[in-house]
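Work through the exercises below with the model open. Try each task before reading its solution.

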Amino acid sequence: MGSEFHTATATATAKRWDRVVRRVGIDPIEPDLLRQLIDGDIAVLVLRGLLPSENFARHRQLVNDMFDRASTTYYANGHLTTIGSYLAKHLSDVDEYFTESEKIARLTEDASFTLGDDVRAGLARALSLRSLDVAEEPDGRRYADVCVRIHPDGVANPMHNDKIIRDAAGLDLVVSRLLYQLSCVICVQECDTGGEAKVYAKPWEPQDEKFKIPNGLGYEYGVVEGVPAHEFKPQMEDVYLINPTYYHEILRVGGDTRVTVGFFLGFSDDTLDSAVTWG
């Protein structure tokens, strides 16, 4: 299990590949924690108490009320159920992505669903960011605010990585020109068993493509053979950050449905004091 308070100082392969947990408003939040995530010095940064419990309770009910708007995308080795779309699904037709983003924006606005904005504001305060805003294209097209991810009983999320500057190369999108990428996950409802986020101490490299699963989601396990991995089971109301360019997966869920709300963060320079987000 991960220690509840520590600072990583060495590389992922030479030290304990572990998580860092900080209680917002209680524990000091070191200014270099984002850099440690980017450099692969820690597996997960967990922030507890970022928002009041009442905020989570309200949004948990709102998510449940929107379950009938969920859709499922099927792959050769699994499927993803979401409310709202995600950019990686629409890289062959980004116009469709922005159309879907407008739809989810109207849905969340009509429902007074503000969890994404609330968490962005909380992250900006906790991590001393000058700005943390939803990304927009120069023509005004706005990226998705959030993506709700639903993992029912028996479902797992195959091992993969997310790297938008690779996947959107040549598309001339704002996010394809970013320097660094992180992922923020908000635990709205935890499952009874399983559902751990398993993060491997290995970033994607071009030679890994020989392990890519054809027509599937993610990569064969040979790509992480012998690599340390850290498992983290989020608690309800946890907000956690990972570096998604490192291999990661969600282990099989048991019992209650695992429900999270997520978005990516992107940084354009090494100051790491301003970021944009997208779903």
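**Exercise 1: A charge over a ring**

The charged end of Arg120 sits over the ring of Phe263, 4.9 Å from its centre. The model is a predicted one.

Task: Find the Lys that lies over the face of Tyr219, and give its distance from the ring centre.

Solution. Step 1: start from the ring of Tyr219; the residue over its face is Lys212. Step 2: take the distance to the ring centre, which is 5.5 Å. Step 3: compare with the cut-off of 6 Å for a charge over a ring.

**Exercise 2: Helix α4**

Task: Check the span of helix α4 (residues 115-126) against 1.5 Å a residue. Then list its buried residues.

Solution. Step 1: α4 has twelve residues. Step 2: the expected span is 1.5 Å times one less than the number of residues, so twelve residues should span 16 Å. Step 3: the end C-alpha atoms of α4 are 16 Å apart, which agrees. Step 4: the buried residues of α4 are Leu115, Gly116, Val119, Arg120, Gly122, Leu123, Ala124 and Ala126. Step 5: in an α-helix, residues three or four places apart point the same way, because there are 3.6 residues a turn. Step 6: look past the helix; Ser128 follows α4 and has a positive phi, near 55°.

**Exercise 3: Aromatic pairs**

Task: How many aromatic pairs does a search of the whole structure find? Classify Tyr97 with Phe98, then Tyr219 with Tyr247.

Solution. Step 1: the search finds seven pairs. Step 2: the ring centres of Tyr97 and Phe98 are 5.2 Å apart and the planes meet at 65°, so this pair is edge-to-face. Step 3: both Tyr97 and Phe98 are buried. Step 4: ring pairs link Tyr97, Phe98 and Tyr143 into a cluster. Step 5: Tyr219 and Tyr247 are 5.3 Å apart, centre to centre, with 85° between the planes; this pair is edge-to-face. Tyr219 is in the loop between β10 (197-203) and β11 (229-232), and Tyr247 is in strand β13 (residues 246-250), so the pair ties together parts 28 residues apart in sequence. Step 7: check burial. Tyr219 has 5% relative accessibility and counts as buried; Tyr247, at 0%, also counts as buried.

**Exercise 4: Gln189**

Task: Is Gln189 buried or exposed? Which backbone oxygen lies 2.9 Å from a polar atom of its side chain?

Solution. Step 1: locate Gln189 in strand β8 (residues 180-189). Step 2: its relative accessibility is 18%, so Gln189 counts as buried; the cut-off is under 20%. Step 3: the backbone oxygen is that of Thr257. Step 4: beyond four places in sequence, the contacts of Gln189 include Arg60, Asn64, Met236 and Asp256.

Conventions
Residues numbered from 1 in each chain as written. Predicted model: local features only at pLDDT ≥ 70, side-chain atom pairs only at ≥ 80, totals over all residues. Heavy atoms only, no water. Helix = DSSP H or I, 4+ residues; strand = E, 2+ residues; numbered from the N terminus. Buried < 20%, exposed > 50% of the residue type's maximum accessible area, 1.4 Å probe, protein only. Polar contact = N/O pair within 3.5 Å; in protein donor to acceptor, adjacent residues only side chain to side chain. Contact = heavy atoms within 4.5 Å. Phe/Tyr/Trp six-rings, centres within 6.5 Å; stacked < 30°, edge-to-face > 60°. Lys NZ or Arg CZ within 6 Å of the ring centre and 35° of its normal.
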